[in-house]
Amino acid sequence: AIIYNSLIKGFCELGNMQEADRIFKEMSEIGLVPNEITYTTLIDGCCKKGSLQDAHKLYVEMVKKGLTPDKFTYGILVHQYWKEGELVNLFKLLDEMGEKGLSLDTATYNTIIHGICNTGNMQEASHLLKVMIDKKYTPNHVTYSTIIDGYCKAGNMQYASMYLKEMLDKGLMPNTITYTVLIDGYSKQDNMVEALRLFDEMIDKGIAPDAIIYSVLINAHCKRGNLKEASKLCKEMYEKGMVPVSGTYDALICGCCNEGRMTDAVKLLDEMAKGGAVPGVSTYNLLIHGFCKQGNMEEACRLLTEMMNRDLIPNDTTYNYMIDGYNKVGNTDEVNKISNKMAEMKLVAD
RNA sequence: CGGCAGGACUA
């Protein structure tokens, strides 16, 4: 059953729920009994696909079979109900948990704290952290990273670093993610000195940087027009044997586009392919935006076709850039054509 | 064998 559970998890991660379901059925056929973990894994898969109905069906099915949903099962469901804003169902679930004598565990608290942070109400979020501690739950590094991220996004770096201190005082180790949110916060407050200091501190502590933290720094440098520093970091990344992701290049390409260096930007797109990174919709959006701003609609068009040839689906941002560009060169025919196309695809033009 | 936190396009 363990092997089957792992297989199911694998397919869920790929978003291939049909295959996961097939394995689930196959399991029963050969006489293996799915357990709590099998169901919980499948429920998680459904939630990540956004089909809360299927998840709930599985939940009912597992209860009917006499299996007991545990803190994982509830944690996953709480996460999804919150995300979908289904507060009525969420409270039903919490009541049910109460009846069974299950209380929220740290991960589920983290989920809720994250949800509150996203509403921007940091008082409420840190209040919940206090409640959690009062109830003798131990906040972990995820809890603190979540709170710190909330304060960083609110631009409140004092509180962010205060919570970092609190975290350290409790003997919790910050990790790459903790540093990423802080560095991102400081660089967005235009405090590169502190951002870079934290980066050094992290390296000193032996915490390994990853592709995301590099793209945060690269992006910060690019936004301030410091392309030299940005490409230096890009090289450093390579040297550390890190696999570049499209986001890393996006930052650099963004920097080039903002300076109107479109030739360099296109060069980066090629380089990216060679490095094994896959350009995403946002990558093309950056380039298309760059060319549209310059009124170079031939290139913009070329990239639009290229992206579709790569099975990337242009979104509303893409088309709005194109409209903007054609407006700039006074080509109303094309503007109308694209507007109609967008309407057909139910995309919003602005 | 299962759940929670981080970056990039939005003119």
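Visitor: Are Y59 and Y74 buried or exposed?

Guide: This is a predicted model, in which local features need pLDDT of at least 70 and side-chain atom pairs count only at pLDDT 80 or more, while totals for chains, interfaces and linings use all residues. Residues are numbered from 1 along each chain as its sequence is written, and side-chain values use heavy atoms, without hydrogens and water. Relative accessible area under 20% is called buried, over 50% exposed, and in between partly exposed (1.4 Å probe, protein chains only). By that rule Y59 and Y74 are both buried.

Visitor: Which kind of aromatic pair do Y59 and Y74 form?

Guide: Rings of Phe, Tyr and Trp (its six-membered ring) pair if their centres lie within 6.5 Å; planes under 30 degrees apart are stacked, over 60 edge-to-face, and the rest tilted. For Y59 and Y74 the values are 6.1 Å centre to centre and 70° between the planes, so the pair is edge-to-face.

Visitor: Why does the pair of Y151 and Y159 count as tilted?

Guide: The ring centres of Y151 and Y159 are 5.2 Å apart. Their planes meet at 35°, and therefore the pair is tilted.

Visitor: Which residues do ring pairs link into a cluster?

Guide: The structure holds 6 aromatic pairs. Ring pairs join three tyrosines into a cluster: Y151, Y159 and Y163.

How values were computed:
Chains are lettered from A and ligands numbered from 1 in the order in which they are written.
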